[in-house]
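Subject: Structure for you to look at

Hi there,

Here is the structure I promised to pass along.

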Amino acid sequence: MFVHVIWVAILYAALTLFRAPNVWGLGKNLDASGSFGNLERKVSANLSNQFEWPVLFYVICLLIISTGASHFSFVWLAWLFVVGRFFHTFVQVFTGNIRLRGIVFTINFIAVLAMWCIFVQGNIT
């Protein structure tokens with residue numbers, strides 16, 4: 001969870017840097033657009049994505065920690081999710097490849113869903 005929090009902080013820092021030229025009136029083109037306008041929009045959209053499905057990642061992690069549940073795959077799946085978030089950012093911001101982004105999201109989705117299933121299954125039986 002901490003690594004993902006750091007990643008989100010890095011994205012906020014990047015967004016701040018990309019917005020700075022517009023805020024300070026630097027680097028304006030003749031059409032009044034900023035020099036980082038495209039990156040700013042993509043990073044901003046990606047930051048919004050960091051607060052959608054990842055919320056369920058945080059919830060399951062807190063449940064695992066608070067209940068003392070242990071299963072070897074929790075850590076593996078959590079790292080898969082976090083690394084997947086890195087890839088999701090890079091694909092969304094630097095490539096715009098919707099298909100690849102969908103594949104990366106699906107891997108993230110399945111990792112968190114698997115954590116939930118393992119947790120629920122372990123607490124039912």
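Below is what turned up, going from ring pairs to a surface patch and then to charged side chains.

Before the details, please note that this is a predicted model, in which local features need pLDDT of at least 70 and side-chain atom pairs count only at pLDDT 80 or more, while totals for chains, interfaces and linings use all residues. Residues are numbered from 1 along each chain as its sequence is written, and side-chain values use heavy atoms, with hydrogens and water left out.

**Aromatic rings**

There are seven aromatic pairs in the structure. Rings of Phe, Tyr and Trp (its six-membered ring) pair if their centres lie within 6.5 Å; planes under 30 degrees apart are called stacked, over 60 edge-to-face, and the rest tilted. One of the pairs joins Trp7 and Phe86: with centres 4.7 Å apart and planes at 65 degrees, the pair is edge-to-face. Because Trp7 sits in helix H1 (residues 2-24) and Phe86 in helix H4 (residues 72-95), this contact ties together parts that are 79 residues apart in sequence. (Helices are DSSP runs of H or I, at least four residues, numbered from the N terminus.)

Trp7 is buried at 13% relative accessible area, and Phe86 is partly exposed at 24%. Here buried means under 20%, exposed over 50%, and partly exposed in between, using a 1.4 Å probe and protein chains only.

Phe90 and Phe94 have ring centres 6.0 Å apart and planes at 20 degrees, so they are stacked. The two are four residues apart in helix H4, about one helical turn. Phe90 is partly exposed at 40%, whereas Phe94 is exposed at 56%. Ring pairs link Trp7, Phe86, Phe90 and Phe94 into a cluster.

**A nonpolar patch**

On the surface, Val3, Val75, Trp79, Val83 and Phe87 form a nonpolar patch with about 460 Å² of accessible area together. Such patches take residues with over 30% relative accessible area and no salt bridge, joining nonpolar side chains (Val, Leu, Ile, Met, Phe, Trp, Tyr) within 5 Å; the areas come from the Shrake-Rupley method with a 1.4 Å probe. H4 gives the largest share of the patch, four residues, while Val3 is found in helix H1.

**A salt bridge**

The structure holds one salt bridge (a side-chain nitrogen of Lys or Arg within 4 Å of a carboxyl oxygen of Asp or Glu). Arg19 and Glu40 form it, at 3.0 Å from N to O. Since Arg19 lies in helix H1 and Glu40 in helix H2 (residues 37-49), the pair ties together parts 21 residues apart in sequence. Arg19 is partly exposed at 35%; Glu40 is buried at 16%.

Best wishes

Methods:
Patches are made of residues with over 30% relative accessible area and no salt bridge: like charges are joined within 9 Å, nonpolar side chains (Val, Leu, Ile, Met, Phe, Trp, Tyr) within 5 Å.
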